[in-house]
Amino acid sequence: MHGTPPGPAVGALSLGGGPAPFAARNVVRTDSAERARREIGARIKPHRMALAARSRTVECCLNEVRLGAVSLFYLRYGSDLLVDPGPFDDFHILHINIAGACDIVGSSSSRAVSGARAAICPPDQALLFRFRPESEVVGIKVGCAALALHFQDLTGLPLQGRLRFEEELNLASEAGRRIVNLIRFIDADSAQPGGLWSSPAGAAQLERLVLSTLLISQASSHHALVNPPVSPAAPHYVRK
């Protein structure tokens, strides 16, 4: 499924006119709303789904690359519908619309995700996702336990309290460009029969790369611990 070419703000993903991301790793393709709900729920999160009154069918596609506690996916429903997964509980999702837009609605906030505006959805909030027929999403699902262990690997400190990412990500920023480049790299790797994704050791390295990129790049409650200030080197004339 090629889908609608992304707008200019998402052109950095280089997906316009080409195959959908992770196309070689297709896991769901159906025009049955119930099958889409069941099979996507089994792979991402069980959820309720309601088609808008004028919608009768779906044209669902899910492509997914699993890397341990991390998965990258492309999702299109091809319909106007509402997805209610409840709180994610034990994982975060980075949500990028590469075509169209999605409305993400919480108990105290609502945002439209499109173009260069991406969202990081926390594990402890109940969110509703409104998809439109033209909506195409690339997501990164990241387990909380894996993030905590990787935080300790990077800092030497156990994670104290809940890790909270800033919930908006500008894909045109330095952090956003790092994440876009990482998605492009894993997309290209997943198309290769002998890519890193295909071996346990290679998949583990990609998993760590995703975790490191998120922790180092995206602002969070623990960002200063992951990115401590670096003392400038002493001038050469005072070095021993």
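A contact means heavy atoms within 4.5 Å. By that criterion, residues 24 or more positions apart account for 73% of the contacts in the chain with a separation of 6 or more. The model is predicted: local features need pLDDT of at least 70, side-chain atom pairs count only at pLDDT 80 or more, and totals for chains, interfaces and linings use all residues. Residues are numbered from 1 along each chain as its sequence is written, and side-chain values use heavy atoms, with hydrogens and water left out.

**The chain as a whole**

- Of the 240 residues in the chain, 47% are buried, where buried means under 20% relative accessible area, exposed over 50%, and partly exposed in between (1.4 Å probe, protein chains only).

**The pair of helices α3 and α4**

- Two packed helices are described by the angle between their axes and the distance between the axes.
- Helix α3 (residues 174-190) packs against helix α4 (residues 200-217) at an angle of about 170°, and their axes are 10 Å apart.
- The axes are lines fitted to C-alpha atoms over the stretch in contact, and angles run from 0 to 180 degrees between N-to-C directions.
- Helix α3 is therefore roughly antiparallel to α4, since angles over 145 degrees count as roughly antiparallel, under 35 as roughly parallel, 65 to 115 as roughly perpendicular and the rest as oblique.
- On the α3 side the contact is made by A175, R178, I179, L182, F185, I186 and D189, and on the α4 side by L206, L209, V210, T213, L214, I216 and S217.
- The residues of this contact divide into 10 nonpolar, 2 polar and 2 charged; Ala, Val, Leu, Ile, Met, Phe, Trp, Tyr, Cys and Pro count as nonpolar, Asp, Glu, Lys and Arg as charged, and the others, Gly among them, as polar.

- The 18 residues of α4 should span 26 Å at 1.5 Å a residue, and its end C-alpha atoms are 25 Å apart, which agrees; the expected span is 1.5 Å times one less than the number of residues.
- Buried residues of α4 include G202, A203, L206, E207 and V210.
- S212 lies in helix α4 and is buried, with a relative accessible area of 17%.
- Not counting residues up to four places away in sequence, S212 touches H150, L154 and S217.
- H150 belongs to helix α2 (residues 144-155) and is buried, with a relative accessible area of 7%.
- With the same exclusion of residues up to four places away, H150 touches R208, L211, S212 and L215.
- H150 and R208 are 58 residues apart in sequence, yet 7.6 Å apart in space, C-alpha to C-alpha.

**Two buried loop residues**

- H47 is in the loop between α1 (33-43) and β2 (48-51), and it counts as buried at 8% relative accessibility.
- A polar atom of the H47 side chain lies 2.8 Å from the backbone oxygen of K45.
- Beyond its neighbours within four places in sequence, H47 is in contact with residues including R37, I40, Y77 and D84.
- L127 is in the loop between β9 (117-121) and β10 (128-131), and it counts as buried at 5% relative accessibility.
- Among the residues that L127 touches, not counting those up to four places away in sequence, are V83, I104 and C121.

Key: Helix = DSSP H or I, 4+ residues; strand = E, 2+ residues; numbered from the N terminus. Polar contact = N/O pair within 3.5 Å; in protein donor to acceptor, adjacent residues only side chain to side chain.
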